[in-house]
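Please look through the sequence and the structure shown here before reading on.

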Amino acid sequence: MVELRHVVKDPLGFHVRLVTRMAAEASRWESDMTVIHGARTARADDVMGLMGLEAGPGAELRVCIAGPDEADAAEFVEHMLRGM
């Protein structure tokens with residue numbers, strides 16, 4: 001399992017455009033991806049679940065990736081998160 005940490009820098013927080021992009025990209029990988037904010041958890045490919053995290057600006061997200069392509073998926077997700 002690989003765990004990534006990311007602080008939301010967008011002044012609008014982890015909003016619908018970012019969530020939609022994350023869900024679309026997460027669905028491309030075989031590995032399971034989970035996004036955690038505080039006590040809330042959501043599958044990375046679930047738009048409504050990600051919106052339910054209610055991660056505002058400055059929130060820390062943890063992304064846990066586990067599966068056969070976790071190393072490649074983690075590298076891609078880390079690159080994607082840098083742009084958020």
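What follows describes a predicted model, with a section for each topic.

## How two helices pack

Two packed helices are described by the angle between their axes and the distance between the axes. Helix α1, which spans residues 16-26, packs with helix α3, residues 70-82, at an angle of about 165 degrees, and their axes lie 11 Å apart. Because angles over 145 degrees count as roughly antiparallel, α1 and α3 are roughly antiparallel to each other. The crossing of α1 and α3 is right-handed.

On the α1 side the contact is made by R21, M22 and E25, which meet F76, M80 and L81 of α3.

The buried residues of α1 are L18, V19, M22, A23, E25 and A26. They cover an arc of only 165 degrees around the axis, and therefore lie on the same side of α1. These buried residues pack against β2 (32-37), α2 (47-51), β4 (60-66) and α3. On the face of α1 that is turned away from the buried side, the exposed residues V16 and R17 are found.

## A residue in a loop

E54 is placed in the loop between α2 and β4. Its relative accessibility is 57%, so E54 counts as exposed. Leaving aside residues up to four places away in sequence, E54 touches H37 and R40. E54 and T41 are 13 residues apart along the chain, and 11 Å separates their C-alpha atoms.

Technical notes:
Residues are numbered from 1 along each chain as its sequence is written. This is a predicted model: local features need pLDDT of at least 70, side-chain atom pairs count only at pLDDT 80 or more; totals for chains, interfaces and linings use all residues. Side-chain values use heavy atoms; hydrogens and water are left out. Axes are lines fitted to C-alpha atoms, for helices over the stretch in contact, and angles run from 0 to 180 degrees between N-to-C directions. Helices (H or I, at least four residues) and strands (E, at least two) are DSSP runs, numbered from the N terminus. Angles under 35 degrees count as roughly parallel, over 145 as roughly antiparallel, 65 to 115 as roughly perpendicular and the rest as oblique. A crossing is left-handed if the near helix is turned anticlockwise from the far one by less than a right angle, and right-handed if clockwise. Contact means heavy atoms within 4.5 Å. Buried means under 20% relative accessible area, exposed over 50%, partly exposed in between (1.4 Å probe, protein chains only). The arc is that of the directions from the helix axis to the C-beta atoms.
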